[in-house]
Amino acid sequence: MTQLHLASVAELGRLLASGEISSVELTRHFLARVEAHRELNAFLDVRPETSLAQAAAADRRRASGESGPLLGIPLAHKDIFVTRDWASTAASRMLEGYMSPFDATVVERLGQAGMVCLGKLNCDEFAMGSSNENSAYGPVRNPWDVKAVPGGSSGGSAAAVAARLCPVATATDTGGSIREPAAFSGVTGIKPTYGRPSRWGMIAFASSLDTAGLMTASAEDAAAVLSAMLGFDPKDSTSVDRPPEDCIRELDRPVAGLRIGVPREFFGKGLTPEAESAVRAALDTYRGLGAEIVDISLPTASLGIPVYYVVAPAEASSNLSRFDGVRYGHRAKNHGDLADMIKRSRAEGLGAEPKRRILIGAYVLSHGYYDAYYLQAQKVRRLIGEEFQRAFQQCDVIAGPVTTGEAFDIGAKTADPVAMYLEDLFTIPGSLAGLPGMSVPCGFGPRGRPLGLQLMANHFQEARLLGVAHQFQKVTDWHRRTPAGVAATNP
Amino acid sequence: MSWEVVIGLETHAQLSTVSKIFSGASTAFGAEPNAQACAIDLALPGVLPVLNRGAVDRAIRLGLAVGATINRRSIFARKNYFYPDLPKGYQISQYEIPVVSGGHIRFPLGDEEKVVRLTRAHLEEDAGKSLHEDFQGMSGIDLNRAGTPLLEIVSEPDIRSAAEAVAYAKALHALVRWIDICDGNMQEGSFRCDANVSVRRAGDTKFGTRCEIKNLNSFRFLERAIEHEMARQIELIEDGGHVVQETRLYDPDRDETRSMRSKEDAQDYRYFPDPDLLPVEISEQWIESVRAAMPELPQAKRERFERDFGLSAYDAAVVTASREMADYFEALVARLPSEPKLCANWLMGEVSARLNREQIDLARAPVAATALAGLLARIADGMVSGKLAREVFDAMWSGEGTADEIIDRRGLRQISDSGELETLIDGVLAANAKSVEEFRSGKEKAFNALVGQVMKASKGKANPQQVNDLLRKKLGG
């Protein structure tokens, strides 16, 4: 038998269905791995008794005749999703120990499908960052090289799946926070269409961009879980009212005749030769499978970074206003009047990056600057969306790099926020357009750290996107490679 | 030097929805603090707003009632500022595109009809309440009111006196209750006004610098605050100073306004469209369904009462001052179609006086329209005199029974029988020879004294007109 933590979701499902293992055994296996890899700092809150109780409940459901592809399968949630049974902190001091009275819709749906939660995953504070160094609870380490960042903001999700501490992790993507860490950590990441997963219970960063998604070991695994996760939620006004979708239905569709658009702007200066050759090699693989590679141009996409760093901080400056120390969260011990209490609580509770973005956001929304920044950014955002729509007349999916290169060292970019912001150069345009996107492992950089291939499709084309990724993974083994020791350990 | 005051009002009407504008929590008044604040009202991490369509319904109803444009697409924006009783750190309101644009309010002022144009009406959520008094060295926060739906109705600066401002506010108050979008309870803060006040020399075409007086929650305070503010501004200018644009608070205990904040420290609210809410799309069908459910509006009713019932403009206005009043009147007239004036007089007179004296609403009056109709019918057919009818009414108010029962029990039936009356008159003439003599010598006053004596002898039950006629005949007049 394969080691449990190397098995696919489908394999685990078969083992559970046949009774060869119980969910409690499986959960114990992964909890032991979580415990054994605390050096990665991927988890912020682990409560084994609660996880095992959920696993026991899944086993009882199965015993009573229930089945389902996810019943009894463990996962872990990014600490942006609120949970009743684990603290929900958004990796901020502000929410240290905060217990939510309700579960996020994503958490609830996956729980209803029978998935067992192993705990909460570290991330950048309020999902703001590209390296997971902005967590108030310390950086997450990349399982491929503990000197390297795992990417961010969903760094805990990426590292946990890379080290096979859990088979599935939820994550969120605002400007690249799923795809970039998936690439840096060598796992498969998917950000669905904005509006398809519910935002209810996601601690908001930038409401018009925040999208829940997944990190898994493969596109096939992601497809199985995504089907249970997506769907209309009346509690989220921006949720799209479409019938539920079976995301595995296009996994086996061949890519022969598929038109893959490759934006030439994504291959300009800044892209490392290794990243470029890995992506080109992946495109060759697709060509070999009968796909057609189409040269496309996305000239406006290069404005994505400035647009994003107006829109996202603007929304964040408002979304983070509720953290005032009045009703919950951190409250300063020594303070003067009410206004002073709010000021001090925020000064103490929020980290440097949220503060930086609040300042930027308040500035671009302020009287006299709104038209020049916020309104202008919204206009360019619309143009970027239109540009993608034109591109999708020429091609079915768009492919390119996720990042300019492999993961950098912890501390390498912390002094230069703009250099950090540029990490999301290739992922931000798709986020601004609300498009589904993926990162699929496609090679390694000069220091042996993973690289990712980005795939984007038009709105609501998650199933197609997953199929395109799966066809690649059927003929390559990048996604099967694990960091040193992962395959050898048990747990 | 004569001065003109220019006033615009911003009125907050709390909409009568059962639940809040963006959450399912109850809007009922008077619960234990924070008992009606759910996760959304508390702005817990991860919550999202969902618009209550009932609030939009009510905004459309107002828009239709004031002849405004209902915007097919309106936008909710965030108004950002920090305050302990503002849980999200922003208020969801409408900024650039409100749900209602334009319209006007018509109302009588003295003998004139005034028209005040409306700028807009927009939906927003209310904040909570800070309680500073009950806690030593601390403040309490009650978020029951947080998220309550408000319609802010903004007038153009068309108002030219404090009295006109009050008349406008009263007309608007009556209207929102009439169309059943707001309970109008001013003590509970369901209807409150901000007044923008400026003064200018008579004949000037440019407006003066204005001050905004916040949170006036009674018509009396509205009037006093404007009067005071006018006087303050005029005195300031006449003394060579100038008005500074600012927000002021009216202190009813001292009867003065005082500065709250100046324009310079006015906050930058950093408005932007709320990304958690889609634009409000209002279809033609939605508007039509609201229109179909609209009651007849006061003005239409007023005109109909004048036309169909021959009421004077004044009577028609009084009788349509509220929907309850108009309904009561119509129920009366339905039973006494030939006596609309009698119905109006009793409603405006006896009934309103009793309600006023006892401080109760028409809905809770012990004499219902059907019961009063029974009494008015007896006046109309001459069975009871107008004077004795008041006694019957008082007895009905005290719950002693129907008009007929009381008339019979107390023997108040009017004497219209000629034989009976003649006997009474003969007795009076015999006993008042002196008055008869005076009358015959030309003193008309003596006649009235004799009528009085007959009425007295009949204990007020004699039909006065008949007494008059018979007496004149007997005296040979």
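Does B:Arg270 count as buried or exposed, and why? In this predicted model, B:Arg270 counts as buried because 25 C-beta neighbours lie inside 10 Å, and the cut-off for a buried residue is 20 or more. B:Arg270 is located in a loop of chain B that runs between strand S15 (256-262) and strand S16 (272-273). The phi angle of B:Arg270 is near 45 degrees, which is a positive value in a residue other than glycine.

A positive phi is also found at B:Gln359, where the angle is near 55 degrees and the residue is again not glycine. B:Gln359 belongs to the loop between helix H8 (340-358) and helix H9 (369-380) of chain B. B:Gln359 counts as exposed, because 6 C-beta neighbours lie inside 10 Å and the limit for an exposed residue is 12 or fewer. In chain A, the peptide bond from A:Gly152 to A:Ser153 is cis, with omega near 5 degrees. A:Ser153 sits in the loop that links strand S3 (116-121) and helix H5 (155-162) of chain A. Most residues other than glycine have a negative phi, and most peptide bonds are trans.

The overall form of chain A was examined next. Chain A contains 15 helices and 11 strands. The C-alpha atoms of chain A fill a box of roughly 65 × 55 × 45 Å along the principal axes. For 491 residues, a compact globule would have a radius of gyration near 23 Å, and the value of 21 Å for chain A agrees with this. Of the 491 residues in chain A, 60% are buried. When contacts in chain A between residues at least 6 apart in sequence are considered, 77% join residues at least 24 apart.

Chain B was divided by the domain assignment into domain 1 (3-289), domain 2 (296-410) and domain 3 (418-474). The centres of domain 1 of chain B and domain 2 of chain B, taken over C-alpha atoms, are separated by 36 Å. Contact between these two domains involves 7 residues of domain 1 of chain B and 7 residues of domain 2 of chain B. On the side of domain 1 of chain B that touches domain 2 of chain B, strand S7 (104-109) and helix H2 (162-178) of chain B are the elements that give two or more residues. H2(B) gives the most to this side, with 4 residues. By class, this side of domain 1 of chain B has 5 nonpolar, no polar and 2 charged residues.

The contact between the chains takes 27 residues from chain B and 35 residues from chain A. On the side of chain B that touches chain A, 18 residues are nonpolar, 4 are polar and 5 are charged.

In soluble globular proteins, nonpolar side chains tend to be buried together. The largest nonpolar core has 226 residues, of which A:Val397, B:Ala165, B:Tyr168 and B:Ala195 touch the most other members. H2(B) gives the most to this core, with 11 residues. Leaving out residues up to four places away in sequence, A:Val397 touches A:Leu258, A:Ile260, A:Leu455, A:Met456, A:Ala457, A:Leu465 and A:Val468. A second, separate core has 32 residues, among them B:Ala369, B:Leu375, B:Ala389 and B:Phe393.

Terms used
Residues numbered from 1 in each chain as written. Chains lettered and ligands numbered in written order. Predicted model: local features only at pLDDT ≥ 70, side-chain atom pairs only at ≥ 80, totals over all residues. Domains from an automatic or database assignment. Nonpolar A, V, L, I, M, F, W, Y, C, P; charged D, E, K, R; others polar. Rg over C-alpha atoms; globule rule 2.2 N^0.38 Å. Core = buried A, V, L, I, M, F, W, Y, C linked by C-beta atoms within 7 Å.
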